[in-house]
Amino acid sequence: MILNILKEHFAAALLPLTGEAADSGKTRTAPLLDLIRPSQEPKFGDFQANMSMPLAKQLGKPPRDVAKQIVDALQAAGQLAGICETPEIAGPGFINLRLKNGFLIKLLQKAAADEERLGIPPLDLPKQKTYIVDYSGPNVAKPMHVGHIRSTVIGNALAKMLRFQGHKVITDNHLGDWGTQFGMIIFGYRNYLDKDAYQKNPVEELSRIYRLVRQKVDEPNEEIAAAVLAETAKLHGGDPDNLAIWQEVLPYSKDEINRIYRRFNITFDHTLGESFYQPMLAGVVNDLLKRKIASETEGAVGVFFDGDKVPMLIRKKDGAFLYGTTDLATVEYRLKEFKPDAILYVVDFRQTLHFEHLFKTVRLTGIENVELTHVKFGTVLGEDGKPFKTRSGDTVGLNGLLDEAEHRALEIVTKNSSEENETPETNSAVHKEIARRIGIGAVIYADISQNRESDYVFSYEKMLAMNGNTAAYMQYAFARIKSIFAKGNIDIAAIRRQSNMLQLTQPAERALALELLKFGEALDFALRDYRPNILTAYLYELANRYSVFFEQCPVLKAESEEVRTSRLLLCDLTARTIQKGLELLGIETVERM
């Protein structure tokens, strides 16, 4: 919010020096404007513009002279008169900016009056794009496990954040519903199915036979491995018996997956699995052969790239198609059906080479004006630093993991309630609902708060901690503010109508105000490279600024009614910003802990 306003004014001041406008489509001014940043030291002001040094090098002038030219241009046009105190030039050419309290209050009033968006406008129409966000994408023949957390929660957060910015977002869950895993299910169904167990709990029995067949294939048992491939080929060839089994078991698997999504409160605009694209695959291969983009090699068909020894295979010797073929058909369908400006694939880093090949192939077909981005992420690790497993070495099921998170959260909620006597209610349903929000929120936040390309260690203790950069800490900050309003019997709607009472007389008030007004910028920075952890870092800093404010500035016992109202307004805006930020990450708040 503030940063964009400063950039607009500096762009005009830079015009005489660069000879171009910021929106001219050239690249000289934009990087210079990106050098306007929040000051690291409050004593130097609120923001610092550091473009004088690189610009001086381009112009062959001393940096301080260039800084003076910029400041003179700003002052001559009266650009910053109502925004900043007189800019100061420091050191080799830094331009220090201290914002006027009146300007901050005006922005806070705008935010306070905006129920839905907190004063953050959506992008201008020319900047709005159509995004497809492809995320989660589990194989439906087996239960979701810990490895599915990252794609699911990162993709959901990105979709929400992009929508909030004003983009049109289409979410697609590209299910693995047609691959070798179904050959394993069909083979297991024919040879190992316990019919009584299947009747009682089909998902559990299908999971059992899948694990059993997978174990035999991995031994390796070459006979069973060949039989699995044969069953897969029959399914892909339209064998009526195999299709019947596939159609019978698929709904059970989807129901189990959807149960997980309901727990995360996640929905998709489309769920178009691999099977949806099966009729298109032969056409994709034939088209690439016809256009000489693909070629045959030893009976298989692949796309070869200059300087890369490894091709992207799109048809095996036996005529079977591969993931690359399906993904090419998916791109073709999406371009025709949705006409996107960008397609984001939220998939783990192990698929990096696959997506490099996919994107190169798409470019070879002549498609250039669509952003294709692999939003890659690292691995969830156990305390031993290895991929997170159960004690027996199995992959940790996602359903059980969420159960455990909620169970541990319930213990914390129950303990706090009995020890602190926050409420006389002993209704276990209330405690369970609070624990559900805390537990699920903890799992989401623990993942999203990491740099997505880094691995991280999964720890219930850390993610449920009431201090540090955790969801529980953020939810507690929100609940603490709500408790102030409850304790003071405050009419929040009435307080919001008195935004003209806002004042910033104490350093902690001003610091909190500045942080509140950085919400929009945090979103902008988070979406530049699709990193939701930038938003969590902002929320954590906001909660810390509020904590200092709370300690240093009495609210209900303020020295006057005017100060009390002003501080209640700051409290309310902080709560709403935390709530909106968590909402964009897919996390619910709680009124009390």
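**Entry 1**

I started with Asp 529, which at 38% relative accessibility counts as partly exposed; the bands are buried under 20% relative accessible area, exposed over 50% and partly exposed in between, with a 1.4 Å probe and protein chains only. The side chains of Asp 529 and Arg 531 meet in a salt bridge, 2.7 Å from N to O. I used the term for a side-chain nitrogen of Lys or Arg within 4 Å of a carboxyl oxygen of Asp or Glu.

A note on what I am reading: this is a predicted model, where local features need pLDDT of at least 70 and side-chain atom pairs count only at pLDDT 80 or more, while totals for chains, interfaces and linings use all residues. Residues are numbered from 1 along each chain as its sequence is written, and side-chain values use heavy atoms, with hydrogens and water left out.

How many salt bridges does the count come to? I found 38 by this rule. Side chains of opposite charge can pair when their charged atoms come close.

Next I looked up Arg 567, which forms a salt bridge with Glu 509, with 2.7 Å between the closest N and O atoms. This pair links distant parts of the chain, 58 residues apart: Arg 567 sits in helix 24 (residues 561–584) and Glu 509 in helix 21 (residues 507–516). Helices here are DSSP runs of H or I, at least four residues, numbered from the N terminus. Both Arg 567 and Glu 509 are buried.

I then turned to Glu 231 and Arg 190, whose side chains meet in a salt bridge at 3.3 Å, N to O. Glu 231 is buried, with a relative accessible area of 8%, whereas Arg 190 is partly exposed at 38%.

I also noted a network of salt bridges that links Glu 115, Arg 496, Asp 572 and Arg 576.

**Entry 1: a pocket**

Which helix gives the largest share of the lining? I found helix 22, with 7 residues.

Key: Helices (H or I, at least four residues) and strands (E, at least two) are DSSP runs, numbered from the N terminus.
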